[in-house]
Amino acid sequence: MDVQSWTFLLVGLSFSLYIGIAIWTRASSTSDFYVAGGEVNPILNGMATAADWMSAASFLSMAGLISFMGYDGGIYLMGWTGGYVLLALLLAPYLRKFGKFTVPDFIGDRYYSNVARTVGIICALLISLTYVAGQMRGVGIVFARFLEVPIETGVYLGMGLVFFYAVLGGMKGITYTQIAQYCVLIFAFMVPAIFISIQLTGNPIPQLGFGGKLSDGTFLLDKLDGLNQELGFHEYTSGSKGMMDVFAITFALMAGTAGLPHVIVRFFTVPKVKDARISAGWALIFIAILYTTAPAISAFARTNLIRATSNIPYTHVPEWFTNWEKTGLIKFEDKNSDGVIQYLAHPDLNELTIDNDIIVLANPEMAQLPNWVIALVAAGGLAAALSTAAGLLLVISTSIAHDLIKKQLNSKISEKKELFLARFAAGAAVLVAGYFGVNPPGFVAATVALAFGLAASSFFPAIVLGIFDKRMNKQGAIAGMVTGISLMLFYMIYFKLGWFTQTIPPSTDWWWDISPEGFGTVGMLVNIFVALVVSRWTTPPPAHIQQLTESIRYPRRTA
Amino acid sequence: MKKYWSYNLKYLLILLSIWFLVSFGAGILWVEELNKIRLGGFKLGFWFAQQGSIYVFVVLIFIYVRLMNRLDKKFNVDEN
């Protein structure tokens, strides 16, 4: 069978599985819809969290980014896993004890104020919308390449599917489809990695093959350092970013991870505080399987890529090269008209442009793996994008139905009506996400990276202070969140989107050499500082709030 | 009860210091020095940045879970 038939078969099978699960796990109450009834097994919740968390960016873009960045790629690897330590130690167990449905619930109750709740809703919507746009785009790209349909059609198909199971099943449906999606995506990620690791280094474990020897007896990474330098790039195992920036980005990604509302809400779905703790551990194990494999794929793919293209006559390029040229993700421009591909770091001499996203998608083709493996990657990429999109859509719909309408505008609304509203809001959110998928705001991983800055500078400090600082009051928390997220937004618009100036300002203008992606760290520090100062100058929180803060610190209160 | 909380804070401090040392320390601040040491085909600093820190993170969470479960029992605040 050819690649396309395999893709239709595997994508079709996986989609029917998700639909089947959605029908089987329909939500019948708001508690089902928002937190899956609060009775998910912690290991399964860990798996669902991993799928919820690992997005199109993790699956499709990350290994590619690292492949071009080398050592600097560590910012994503450490940043997106280290956040789970913060989540497990500083947030998850306490939020589970608090035991409501959403992050704005916690913000609103702990800071006894609907203003705080509304700030929470705005932050949640801003973060989730920035993030979901990238997911729909990922779905479009996979469809476009593998099923040869226009990107738009791909986006519509993805929307239809997410609409079906998110609207029908809510959190309950999403949880069980995410478990299935985790299995699909991890299998799809590991199979090519294992094959390629064996091909290149003879070791079936990619994490070990990464540090293994090639057939000519040199270590893979030494070979790659050499190849990179020959072509004028920096050594693979050392970086080109400033240390300050690497530090700031890593921290922003960690704090952002711990502050993402769609990840936090997963810890409301387990029965006990104890389960919330262990569930974060399981989630990180499931995530680490992909995250320790990704950098190995990056190194394998870069070696294969350089070998297959550098100084090869254009007439001799492999078939995958021509396939991907059609999508515009690989471009060859024969600047010196010698008919040979020069892949070099120097921008005037380089003749080859390669999109990051191609590395994972084309990797099995580069390694000449069987057609079913190539198709499997397509199914995996879709699983990653859809599972994250669904989690985000749920946050958007709960923010509107529960936090805004039920808690603020009309508290007398019946459960049945609230459930209907939640479904309606999820449906509307799918449409918005689809719009962004068709008219994407730039590059998948870049937009996603900025959502972390927003989360790091708003929720993360507000929640941590709410748990660990009994004296923190509503004035402090609101002032902190507003300054933090505004500062982050300003920096992102100024230096990333360039709306205030005619051209995007150069990186030499960055404050303290920190890029927009790393600025969440500054936003977070400013948030904490403002919150502490303001709270000490205003009245302490009322007694019942101090008691609430006290009670979430203990899994069970003795009499 | 105060004691339970101060134990908890002590655990957090220790575990988060390790979290900081392996990622920001070994993976970023001292990466050049550690890269002079080799671990098979890896330079050690690079290995911490792209592999080692992640393994340590997983271990840290499981240690935390064990410590806290023990502490809950000791102070009789565990859920039945």
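What follows is a short chat about a predicted model with chains A and B.

Reader: Hi! What ipTM and pTM does the predictor give the complex?
Author: Hello! This is a predicted model, and the complex gets an ipTM of 0.95 with a pTM of 0.90.

Reader: Okay, and how many residues does each chain put into the contact?
Author: Chain A contributes 40 residues and chain B contributes 35 residues.

Reader: Which helices of chain A each supply at least two residues of that side?
Author: They are helix 5 (74-98), helix 10 (220-230), helix 11 (243-259) and helix 13 (273-309) of chain A. The largest share, 12 residues, comes from helix 13 of chain A.

Reader: And what's the side of chain A that touches chain B like by class?
Author: That side has 23 nonpolar, 11 polar and 6 charged residues.

Reader: Switching to the inside of chain A: at what angle do the axes of helix 4 and helix 13 cross?
Author: At roughly 50°, and the axes come within 8 Å. Helix 4 of chain A is therefore oblique to helix 13 of chain A.

Reader: Is that crossing left-handed or right-handed?
Author: The crossing of helix 4 and helix 13 of chain A is right-handed.

Reader: Nice. Which residues meet there?
Author: From helix 4 of chain A, A:Ser58, A:Met62, A:Ala63, A:Ile66 and A:Ser67 take part. Their partners in helix 13 of chain A include A:Leu290, A:Ala294, A:Ile297 and A:Arg302. By class, this contact has 8 nonpolar, 3 polar and 1 charged residues.

Reader: Last one: which element of chain B has the lowest mean pLDDT?
Author: Strand 1 (residues 38-39) of chain B, at 84, while helix 3 (residues 44-74) of chain B has the highest, 93. Chain B averages a pLDDT of 90, and 99% of the residues score at least 70.

Notes. Residues numbered from 1 in each chain as written. Chains lettered and ligands numbered in written order. Predicted model: local features only at pLDDT ≥ 70, side-chain atom pairs only at ≥ 80, totals over all residues. Contact = placed C-beta atoms within 7 Å. Helix = DSSP H or I, 4+ residues; strand = E, 2+ residues; numbered from the N terminus. Nonpolar A, V, L, I, M, F, W, Y, C, P; charged D, E, K, R; others polar. Axes fitted to C-alpha atoms, helices over the stretch in contact; angles between N-to-C directions. Parallel < 35°, antiparallel > 145°, perpendicular 65-115°, else oblique. Left-handed = near helix turned anticlockwise from the far one by under 90°. pLDDT = per-residue confidence, 0-100.
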